[in-house]
Amino acid sequence: MSKKSLSIVVMSLLVIPFIISTASAKTLKIGSMSPLTGPYASDGTDIKNGVLTAIEVFEQQEGPIPGYDKIELFPQDTVCDPRQAVAAANKLINLEVVGVIGAYCSSSTIPASETLNEAKIVMITPASTNEQVTDRGLPYMFRMCGRDDDQAPAAARFIKESLNAKTIFIIDDKTTYSQGLADGVSKNAKAIGLNVVNHDHVNQGDKDFSAVLTKVKAANPDILYMSLQGYSPAALMTIQAKRMGITSQIVTQDAVFQPKYMEVAKDTSEGVYLTYGFTDPTTPEYKAFEAKYVPKYGKIAAYATYAYDSTIALLKAIKAAGSTDADKIKAELMKLDFKGASKHVKFKENGDSGSSYIAFKVEKGEFVPYWDPATGLIKK
Amino acid sequence: MIQEFKKIWKQYAITMLWLLGILWPLLGIHPDGTLSFRQTFTVWSYILAGTFICFIFYIINKSDNFKLLTEPIANTSQKLNNSLQSMPSWIWKSALLFGAVIYPIATGRYATDVAINVLLYVSLGLGLYVVVGLAGMLDLGHIAFYGVGAYTYAILNVKYGMGFWVCFPFAGLSACIAGCIVGYPTLKMRGDYLAIVTLGFGEIVRIILNNWMSLTNGPNGILGVKSIGILRPVMENGFTFEMFWVTKLELFYYFALGLAILTIIAVTRLGSSRIGRAWESIREDETAAELMGVNTFYYKLLAYAMGAIFAGFAGALFAARMRFVSPESFTFLESVMLLCMVVLGGMNSIPGIILGVIALIALPEVFRGLESYRMLVFGSTMVIMMLFRPSGLIAAKRKKMMETKQPEERG
Amino acid sequence: MDSFIQQLINGITLGGIYALIALGYTMVYGVIQLINFAHGEFFATGGYVGVICLSFFTGLGYMETHPIFCLTASFALAMMYCAYLAIGVEKIAYKPLRKESRLAALLSALGVSIFLSNGLMLTQGVYDKAYPSELFQNGFNVGIITISYLQILIVCLTAVLLVALNLLVFKTKIGMAMRATAQDKTMSALVAIGSNRIISLTFAIGAGLAAAAGIMVGLYYGSVRYDMGFLPGIKAFSAAVLGGIGNITGAMLGGLIIGMVEIFGAGYISGEYKDVFAFIILIGVLYFKPTGIMGENIDDTRV
């Protein structure tokens, strides 16, 4: 029987950390939510690194925020699981953070944002592109990245206007992000007179795409549109497609904007197109980010830049508001108008910050800007 | 004393050397064709230092040098236990209940959130306990019933505008039907074959939830699920009722608590009833049970149905609480974790399962501060827990009585 | 018709990969009746050690001059490493639980699995690792059907290992000892079979097979990832059960069936439901033959 009570003692010791919440003044607390373990750990880590870099750069450039000695980040792991995401959100509320950067998966962002909005905490997502993230009308929800319904028309136009394609085969991997985008591309492509030969699906976590690629080979479309969550399945599919002798041009999307893609897919990635928000790597803002990020964490990936800009925007707003009140921060966020590393940041009424999707092409292991929908010009 | 521990020290040294051998190829061989040792040794020495401290504590504890410290604790706990046992059970039960009731007031939001998860998983775990613990059928797909319950409520609520209390029985019912569908073809199978078939069913349900766009909205999940609504009397214009949505976490906690208590009572009663004994006889020896006139077909199906009903109820509550459902909550890993909660707690005791649920839901939260190391620590904690308490945190009483001949317990 | 043959080849390759993993699964199960959840992680570890070795050789410049030697050495090193890892894991996490309920060992195995995959993530990074060479990536065309050398290698390796394992288990003394240990540990101890040694050996062989599969998969798909062991682990487990768990030929057969069903399901019916077809076949087979295709009648094993 004593063992039973012993284990009860152990368990109650486990519960104690929840009851005691430490609070120390003078540090400005912000939180980040992203998958640090599980299948999307790579993107989640990029986000965390982006936020950390932003804090470093901000403290260096703008100095400390009045009333605080330093800024502290509390990175939370969501594992891309809605339940853990809500737990993480509540944890951050308990820690009394002022703002939150995250989350990665739209299915985590949506329930977590409901919780954070109830507690009146500003949330800026650097990666969730689903329309529903901002379309629910939550007052403290902001988005730094683009929207699926902006990217899809850009991709469809690119396929028609620049690549002069007629037939297109779409593959998605049944996640909120990839399927939403694939549906959007399919709809837009049909609207502008492209022939969608087939829209097929694979499953999340698959490694073998030979069955669906055999179908692609038989259909022989002009374009193979891969809508996959993350660079990793995209690299696998590119390798397998080229090995199978598929000659269709491959077009993909912003989740693949990660230098590791070329590292894995090597030569087969040459000539792959992808749509991604236009980022000018020559601006001083980008250079400042690059100078701090690259030595520590390696090459810059898609979401790190957005996470960086989200954090800078949040910190600027907090500084301008001079308070931790969510309404004041929101008001300042709406007033923001600055050049970030990824783009010119200006939030709209619904919390979106607009998107400027252009097409990139993989050339010699680099992402090179290729086509801009605004001008229609091919950049070299 | 030194002699006694020589063997343990030797084992420890071998383990550490083994670990060094494991670590070096992963950390010391570089793609540019160079070999390095420094990083490996740094990591290894950290691990060495950490485990050494733990090991020293373990040795001191083993050699009873902590008696000064542990004895008073053990004594008091023994006394506490004795007094608890001499007390009528309603006193400590109500004390426990009181603690549970004031918990959200005494603690913060995050703690309440974790507690709600724990309570929902208590219902789920007890449902699984009926299948695994009582009837002895290994089930690796139990989370599917949770998913069915959650989706039933979400769909009925969003598409047909039905309220929580109307949908609640339906959630249980549809989960029960799913349970019977799973249960029927598996009745002939035993052991690991049963495990793989339930795993298959769990995955099938998840894949269907992920792909049936018109009904479940696929991977996007269902948004805008209403929370629990209760009619609140309003005194202003005469006596009318007003719909009141339970959105506050603290209030929601009480609903979860209610469901958990309901499940605990129901499962306890079931376990000690005629049905429960029939299940146990099937668990111990199916052939013998059949010979004794137990209708194994019926009772096995019933076990699935009962287990699924509790999971369905918990699922409905989960949907109401998240106000959003998506297939990501109902993965295979979740099923396995649920099974772990039941096994870890001690397969055949209800308090044990509650403890197991607390351990496995709370541990990843406790380790949150470790960031990306947290699952690593969690995995090793699971192994260590199992090594020290292989028959679960609280082993079953009835089982103990039967196995008095067995040598003393490990750990 | 062409695409049918192409799909057939795809199916055999995927089935071969599943069979390779399932062989190790079924061997371990056959001897100690443990569902070794960590087997998928041994597979992933093998893939990682393979990429580490191959990159190392490439870095030294041996890869161009002696490709076959480098490949063989990488295979050998990865298999040895995983065997070494598995023996240690067995000693630490499974052996003390051998007398306890089987679920305790199952839980411990799951803990090991989580630990290993996160350990890989922390030591090797969260990003995919690319295999350094395009060795065997090429193939030849027959009509419009493409067959890569690696596909042939995978199928051959699976077949060779199947024969070798069957010989080992049924024709050698060690195999006899394995079978004896599987049937009754106490009895086999009485006739001077060191069951601990046999179990260690079984784990070593099983993990070695998993490592070989890991490198094959890494070479075939071009990259490895820390969580790559989880899904194939489940599929291979299903394959092993489908064939009759504990039966080596059954595991092979099960792997091939699951692979085929997946490919043909995805190719001709629907890509998103392919796993459903695999599981329905599994359930269907087990419904009519509750011990798997080649499984013998087992005793009343319960949890």
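**Close-up views of a predicted model**

Among contacts in chain A that join residues at least 6 apart in sequence, 69% link residues at least 24 apart. The structure shown in these views is a predicted model.

**View 1. Chain A as a whole has 13 helices and 14 strands.** Its C-alpha trace spans about 65 × 60 × 40 Å along the principal axes. Of the 380 residues in chain A, 61% are buried. The mean pLDDT of chain A is 86, and 92% of the residues score at least 70. Within chain A, confidence is lowest in helix 1 (residues 2-19), with a mean of 53. It is highest in strand 4 (residues 122-125) of chain A, at 94.

**View 2. Chain A is divided into two parts, domain 1 (23-146 + 282-355) and domain 2 (149-278 + 358-371).** Their C-alpha centres lie 29 Å apart. Domain 1 of chain A brings 17 residues to the contact, and domain 2 of chain A brings 16 residues. The side of domain 1 that touches domain 2 has six nonpolar, seven polar and four charged residues.

**View 3. Helix 8 (residues 210-219) of chain A is largely enclosed by the rest of the structure, since eight of its 10 residues are buried.** The buried residues of this helix are S210(A), A211(A), V212(A), L213(A), T214(A), K215(A), V216(A) and K217(A). From chain A, the cover over them includes strand 6 (167-172), strand 7 (195-201), strand 8 (223-227) and helix 9 (231-243). Chain C also takes part in the cover, with helix 1 (2-32) and helix 11 (248-269). After helix 8 of chain A comes N220(A), which has a positive phi, near 45°.

**View 4. M334(A) is placed in helix 13 (residues 326-335) of chain A.** G180(A) is 154 residues away from M334(A) along the chain, and the C-alpha atoms of the two are separated by 28 Å.

**View 5. The contact between chain B and chain C involves 52 residues of chain B and 54 residues of chain C.** On chain B, helix 1 (2-28), helix 8 (191-211), helix 12 (286-291), helix 14 (332-345) and helix 16 (374-388) each supply at least two residues of the side that touches chain C. Helix 8 of chain B gives the most to this side, with 10 residues. By class, the side of chain B that touches chain C has 31 nonpolar, 13 polar and eight charged residues.

**View 6. The largest nonpolar core has 354 residues.** Helix 5 (residues 109-134) of chain B gives the most to this core, with 18 residues. In soluble globular proteins, nonpolar side chains tend to be buried together. The residues with the most contacts inside the core are L23(C), C82(C) and A211(C). Apart from its neighbours within four places in sequence, C82(C) is in contact with F42(C), T45(C), G46(C), A207(C), G208(C), A210(C) and A211(C).

Key
Residues numbered from 1 in each chain as written. Chains lettered and ligands numbered in written order. Predicted model: local features only at pLDDT ≥ 70, side-chain atom pairs only at ≥ 80, totals over all residues. Core = buried A, V, L, I, M, F, W, Y, C linked by C-beta atoms within 7 Å. Buried ≥ 20, exposed ≤ 12 C-beta atoms within 10 Å, placed from the backbone. Helix = DSSP H or I, 4+ residues; strand = E, 2+ residues; numbered from the N terminus. Contact = placed C-beta atoms within 7 Å. Nonpolar A, V, L, I, M, F, W, Y, C, P; charged D, E, K, R; others polar. Domains from an automatic or database assignment. pLDDT = per-residue confidence, 0-100.
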